[in-house]
Amino acid sequence: MRVAVLTGGGDCPGLNAAIRAVVRKSVVRFEDEVIGYLDGWRGVLEGDSMPLDIERCRGILPRGGTILGTSRTNPYTIDGGPERAMATLERDGVDALIAIGGEDTLGVADRLAASGMPVVGVPKTIDNDLSGTDLTIGFDTAVQIAAEAIDRLHTTAESHDRVIVCEVMGRHAGWIATYAGIAGGATAILVPEEPFDIDAVCEYLRHRHSFGRYASIVVTAEGALPAEGTITVASPELDQFGHPRLGGIGNTVAAEIERRTGFESRVTILGHIQRGGTPSAFDRVLATRFGTAAADAVHEGAWGEMVALHGARIERVPIADAVATLKTLDAELFRSVAEVFFG
Ligand code: F6P
């Protein structure tokens, strides 16, 4: 078979490990020929691809980013986009396409699969907000990076008796904030799913600081929302998929904390550091398991399906189910575990 692979949406550590796994299994087990489309759906629309073989994939397992490049191009916002995508696969003699992506890239894959494209999905996003799978590639590494940053912020906060607000990614879901906040011993964690009351946050800080010297870390997801009628935040721009370009809520939170409590506050926005660099060992293994399972799925003709982690097992779910609704934070984890340590 001639198999194509692409990586779309925001990059994350572990994409190269997944590409390498697709290539290895396809070539060694199935004697397939593999090509990679460049920059996600842009490469499919424009017929821009490169050959992929075992030699080309040497050394990429621990490397962050993606050797194929990525973009947020959406064929459904381009005139004749879906037809052009179909025509490219036909022209390139591609029998199957493996799309490695999050809700946007796989949302497109789902619609194209419904129109007859032979597509299999692989879930990735540091946000971990894709349904149908317990975990996505990149999440574990992002949490690791954020937790390590919080450890470092603790020592400088202690030296200066400061509050430090650490803003992490997570536009619609607070998975990174909650995991990193638990791992890093945060005094409060602010997430999109639970609108926060800045007065309650200040109360947690006053309580903690009533015992003498103080140093607190408040972790906020970039998409955290203030409860209605509390504080206001500026409206962000939108990308091609209509998502807000976020970043900056941490500044507002830090300023409000300092104004209301008098505690000296600083802010650190981790931003794209969470998406860069080498994947954790867990993400390398997950990406390798997903990539090899995707090659199997191609040979079983599992079009329109996504490989997924359920407990310790790799299974498959319809891509349509994975992209139907976002997987928001487990409320039980937030209320019964994270919140117990606030203040
Ligand atoms: O891929 C998800 C994500 O990392 C979000 O957490 C973040 O809001 C967004 O991507 C940032 O996207 P960009 O790379 O376009 O700035």
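**Reading a domain interface**

Analyst: Across the interface of domain 1 and domain 2, the rule finds one salt bridge, meaning a side-chain nitrogen of Lys or Arg within 4 Å of a carboxyl oxygen of Asp or Glu. This is a predicted model, in which local features need pLDDT of at least 70 and side-chain atom pairs count only at pLDDT 80 or more, while totals for chains, interfaces and linings use all residues. Residues are numbered from 1 along each chain as its sequence is written, and side-chain values use heavy atoms, with hydrogens and water left out.

User: Which parts of the chain make up domain 1 and domain 2?

Analyst: Domain bounds come from an automatic or database domain assignment. Here domain 1 comprises 2-138 + 279-324, and domain 2 comprises 142-275. Their C-alpha centres lie 33 Å apart. The contact (heavy atoms within 4.5 Å) takes 16 residues from domain 1 and 14 residues from domain 2.

User: How much area is buried between domain 1 and domain 2?

Analyst: Buried area is the accessible area (1.4 Å probe) that two parts lose on being put together, summed over both. For domain 1 and domain 2 the value is about 1,400 Å², and carbon and sulfur atoms give 50% of it. On the side of domain 1, R72, I126 and D127 lose the most area to domain 2, together 40% of what that side buries.

User: With which residues is R171 in contact, leaving aside its neighbours within four places in sequence?

Analyst: The contacts of R171 include R72, D104, D127, E222 and D239. R171 is found in the loop between β6 (163-168) and α6 (175-184); helices (H or I, at least four residues) and strands (E, at least two) are DSSP runs, numbered from the N terminus. Buried means under 20% relative accessible area, exposed over 50%, and partly exposed in between (1.4 Å probe, protein chains only). R171 counts as buried because its relative accessibility is 16%.

User: What is the value of phi for N128, and where does N128 lie?

Analyst: Most residues other than glycine have a negative phi. In N128, however, phi is near 60°, a positive value. N128 lies in the loop between β5 (119-123) and α5 (139-160), and N128 counts as buried because its relative accessibility is 1%. Phi is also positive in D161, near 50°, and D161 is found in the loop between α5 and β6.
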